[in-house]
Amino acid sequence: MFWLIISLLISISFQAHSSQLVIKQNAQTPITLGHEEIVSTLTPTQFSTHLPWFTGAKEFTGFTVTDLLAHFNIEDAFSVSFIALNDYAASSRIEDIVQYEPIVAYEVNGEKLKIRDKGPYWLIFNLDKYPEADNAVFHSQMVWQIDEILIHRHSDAEKN
């Protein structure tokens, strides 16, 4: 019984931690946002799109990367990196972020993304709206199981 309780507590702790998203900028202190804070602070955006990993369209809900940058008053970003729980990472150029409006999804078809379903956060490009982005370059940028976002700024690059 003791080990069952310990196992349950560890599982609950891991699930609570897994919904956190760390936002980093070069030399600044990282900011950790919980799921509830994300949902209440950043305007939700929804769209349906087809992805190469599913049959049929899915509806995704999340926040736009541009809203995240605006929320932190970042106007000089040149790229944003998305890092997964397994340390896979990909970067998106700011020009592509502005043009294609990807979201960091936290729900699919109205259900909160779980780790086993590519959550807690997943960068999604709307491939139905922007068919020119339906290629390996953009597919590789659609990082799932995101737990960290690193914002690259011109002002940070100039300091180094």
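Okay, let's start with arginine 93, which makes a salt bridge with glutamate 95, their closest N and O atoms being 3.8 Å apart. By salt bridge I mean a side-chain nitrogen of Lys or Arg within 4 Å of a carboxyl oxygen of Asp or Glu.

Quick housekeeping: this is a predicted model, where local features need pLDDT of at least 70, side-chain atom pairs count only at pLDDT 80 or more, and totals for chains, interfaces and linings use all residues. Residues are numbered from 1 along each chain as its sequence is written, and side-chain values use heavy atoms, with hydrogens and water left out.

Back to that pair. Arginine 93 counts as partly exposed, at 46% relative accessibility, and glutamate 95 is partly exposed with 46% as well. The cut-offs there: buried is under 20% relative accessible area, exposed is over 50%, partly exposed is in between (1.4 Å probe, protein chains only).

Next, glutamate 101 and lysine 129, whose side chains meet in a salt bridge at 3.3 Å, N to O. Glutamate 101 sits in the loop between α4 (94-100) and β7 (103-108) and lysine 129 in the loop between β9 (122-124) and α5 (136-139), so this pair ties together parts 28 residues apart in sequence. Helices (H or I, at least four residues) and strands (E, at least two) are DSSP runs, numbered from the N terminus.

There's also a network: salt bridges with shared partners join Arg93, Glu95 and Asp96.

Arginine 153 counts as buried, at 15% relative accessibility.
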